[in-house]
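Here is a short report for a first look at this model. Start with the charged side chains, then move on to a helix, a strand and a surface patch.

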Amino acid sequence: MAYADQQMSGNKITALVIVALIHVFVGYALVTGLAYEAAKKVMQKVTTVDIKEEEKKPEEPPPPPPKEDTPPPPIVAPPPPINIAPAPPPVQTVITPPPPPPLVVPTAAPPPPPPPPGPSKARSASPKGQGNWAGRIQANYPTRAAREEREGRVGVRVTIGPDGKVSACSVTSSSGSPDLDAAACDGMTRYARYNPALDDAGNPTTGSASTAIVYKLD
């Protein structure tokens, strides 16, 4: 193998020398004025050296290493069974939140007491011109009672409206004569006048009063 490489290197050197001489000769011919044909003929006579490189033989792969006898694996006995008790369930701790604090509802302050009322202006009903209307009632003497000469005293209770007039009449003490009792209430309703009762603010209101009508013949 080394010898073939040395022979190939010598051939390459020889070829290079020949090519160099040809170039020198051609240059000299051109300088000395030789004709182009002479140079061409010389060039044709030059023997071309074809250098073939020897083909390298493929290297044979190295033989595989011998197989080692692998001993069989040792026989291992299975481990004895292990009884593993199941783990107890985890203990869950339940945290009970504390109860919410009681809701405190603010109590509104009581309103201030109303101012004390002023002096009351209330009053009861009172007769107005009693001498005049009492005389008219007595003058309206029932005819039959006068003919029979019956006399008597009639007690009455009347309801007085805000206008001072009698709106209702009832006998509280009878004279013993129905016609005298009826004449007394009729006369009170027609002729009696009162100063009306007043409430605390001084406004006229409904009131009541009691009186008596005396029937007496002259």
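## A salt-bridge network

Arg144, Glu148, Arg150 and Asp179 are linked in a network of salt bridges. A salt bridge here is a side-chain nitrogen of Lys or Arg within 4 Å of a carboxyl oxygen of Asp or Glu. The structure holds 4 salt bridges. This is a predicted model: local features need pLDDT of at least 70, side-chain atom pairs count only at pLDDT 80 or more, and totals for chains, interfaces and linings use all residues. Residues are numbered from 1 along each chain as its sequence is written, and side-chain values use heavy atoms, leaving out hydrogens and water.

Take the pairs in turn. Arg144 bridges to Glu148, with the closest N and O atoms 3.2 Å apart. Glu148 also pairs with Arg150, at 2.7 Å between the closest N and O atoms. Arg150 is joined to Asp179 too, at 2.8 Å. Asp179 lies in helix H5 and Arg150 in the loop between H4 and S2, so this pair ties together parts that are 29 residues apart in sequence. Helices (H or I, at least four residues) and strands (E, at least two) are DSSP runs, numbered from the N terminus.

## How open the network is

Buried means under 20% relative accessible area, exposed over 50%, and partly exposed in between (1.4 Å probe, protein chains only). Arg144 is exposed, at 53%. Glu148 is partly exposed, at 41%. Asp179 is partly exposed at 24%, and so is Arg150 at 21%.

## Helix H5

Helix H5 covers residues 178-191, 14 residues in total. From first C-alpha to last it reaches 20 Å, close to the 20 Å expected. That expected span is 1.5 Å times one less than the number of residues.

Its buried residues are Leu180, Asp181, Ala183, Ala184, Cys185, Gly187, Met188 and Tyr191. They pack against several elements, including helix H3 (130-139), strand S2 (152-160) and strand S7 (207-215).

## Thr211 in strand S7

Thr211 is found in strand S7. Is Thr211 buried or exposed? Thr211 counts as buried, at 18% relative accessibility. Leaving aside neighbours within four places in sequence, Thr211 is in contact (heavy atoms within 4.5 Å) with Gln130, Val154, Gly155, Val156, Met188 and Tyr194.

## A nonpolar patch

Ile13, Val17 and Leu21 form a nonpolar patch on the surface. Patch residues have over 30% relative accessible area and no salt bridge; nonpolar side chains (Val, Leu, Ile, Met, Phe, Trp, Tyr) are joined within 5 Å, like charges within 9 Å. Together the three have about 300 Å² of accessible area, from the Shrake-Rupley method with a 1.4 Å probe. Leu21 sits in helix H1 (residues 2-32). Leu21 is exposed, at 56%.
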